[in-house]
Every structure is written in C-alpha cells, then in structure tokens.
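Dear colleague,

Please find below a structure that I am handing over to you.

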Amino acid sequence: MTRYFSIFLALGLLNSCSTTPPSAAVSDLAPGGKMRAAINFGNPVLASKDAAGRPEGVSVDLALELGKRLGVPVELIPFDAAGKVAAAAKSNVWDIAFVAIDPLRGADMEQSPPYVVIEGAYLVREHSKIKSNDEVDRPGNRIVVGRASAYDLYLTRAIKQAQLVRTPTSATVVEFFLKENLEVAAGVKQQLEADASRTSGVRLLPGRFMVINQAMATQKATATKGVAGARYVREFIEEMKASGFVAKALERRGIQGAAVAPRGDARQ
C-alpha cells in the first residue's frame, strides 16, 4: 500500500449540502483535519485510474462528495485489494473505506447500508466439464480467489468439497488460474468478463454465485467516539442513492454488471 500523490480539496462548495453536518461527525470522519479515504483499485466497478493516472469511479466520487459536505480536504489512500483495506482497519491509516458487507469485516468497522450491488461469478476453461455454478463445489475442483476478498470470505463459508486457492489480489486471479491450470476462477463478474474478452479458451458460467453489497465503512465506534460519524455516513449513503448520485456515477463511466442498491439497509 502506497500513499497517493495528491490530496483532493473539497472545500467551498457546501451550498449543495442538504444539512450542515454535526461537529461530532466531522470530528469522527476527519480527526486530523482531513478525511483519509481508502480506495480499492482492485475492483474496477468501484475505482480505476484514467489515462492520466488520476483516480476515478463511484467510490472516488462518493469520497469527494462526503468531504465536500463535511468541509474538509480528502486524501485518497490507494489499495490493490479489498482484503488489505479491511486488514488496515485497526491501523489508523484511513477514516472511511469502501468494502463489501460481510459479518467478519463488520467486527472491525462500522458499515453503511449498501450503495452498489455487484455480482460474483465463476470462470472456467472453454472445454471444462463444469457447466453451471452448482457443479463447482465438487471434489477435485480448485477455485482460485483473491485473498480476503468478499468472494474469499463467502466461499470459505460456502464451499464444502472443492479446494480454495488464494492469490494476493483479485487482479491476479485469472493469470494464476491459467498459469497453474486450475479448474475455476472466482471474482467480480465484470472483471472476469473483461479478462475473458482478451483471453482465448475461457468462458464464464451462467448467472452468479453470490451478490456483493458494497458499503462505505468508518472506524469501529466506541461509547465515546465514532457514533456520530457512522450515523452521518449511513444517512449520506441513503441520500446518495435516493438523489441519483450513485446511478449517475456508474452511468458516467459506463459501468456494467453493477446496480444501485435498494434504499434501506438490505445487508447480506
């Protein structure tokens, strides 16, 4: 994990806010005078870099909008895997983050209602005997997945007969799958579709094996700190969905395979 080279200033535009945030929320979300936002570039649905190397995506847009409403600068902290974001929850390197809702992760952070729903899919070789998702969990099948990703956490609970093989990041899953001649690759459906479009001899299985609810996270609240910030973030996410902000962010970048989460706390 390396610190991104720039700090995005989000000041002077508070007239777009529906309400003035309470001082306690500002203190919780920007304790050092700026808000540090962990951005996972390992999930292209949420974040990527443009031709000039600048970060973009729905999670970047949400971070900057939240900073604007709080009246504080936003520093984007880049990560290449969701598992690394979650692992850093106790290290005080970020104030907000964007992660999939999972009960294991929820033990170390506060999570908002979901803002985006993403599908998890399987990829196999063109001539694989596996034709459907329910044929994956069979003895002898090896499923490669990004370590500590939402798919890893889910499959660790769900898979009973197949073997899970983990790579350091989700971005290296298909490469490892091909190199090691494994049976199945698991990950974000859009990412796997992109990999399949430039890789011959592979295909996606129909449908999905899971739905991933993506949330904004804050530091774990205590009796004296974090409650106001977590509450403000929950309300912020619901407003961003209701106003069309999230939908427009996805549309602006032509994101396919993801949908705005329903209003309300529709957690897994």
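The largest pocket is lined by 13 residues, and Asp28, Pro31, Gln219, Lys220 and Lys225 lie nearest its centre. Its volume is about 200 Å³. On a 1 Å grid over the protein atoms alone, a pocket is an open set of points with protein on both sides within 12 Å along at least five of seven lines, a cavity is a set of points where a 1.4 Å probe fits but cannot get out, and lining residues have an atom within 4 Å of a point. Grid points are joined across faces, edges and corners, and a volume is the space filled by probe spheres set on the points.

This is a predicted model, in which local features need pLDDT of at least 70 and side-chain atom pairs count only at pLDDT 80 or more, while totals for chains, interfaces and linings use all residues. Residues are numbered from 1 along each chain as its sequence is written, and side-chain values use heavy atoms, without hydrogens and water.

The second largest pocket has a volume of about 150 Å³. Among the residues lining this pocket are Gly83, Lys90, Arg105, Asp108 and Leu153.

The structure also holds three cavities of 30 Å³ or more. The largest cavity contains about 150 Å³ of space. Of its 23 lining residues, Asn40, Asn43, Ala82, Ser149 and Tyr151 are the closest to its centre. The second largest cavity contains about 70 Å³ of space, and its lining includes Gly42, Ser170, Val188 and Asp195.

Yours sincerely
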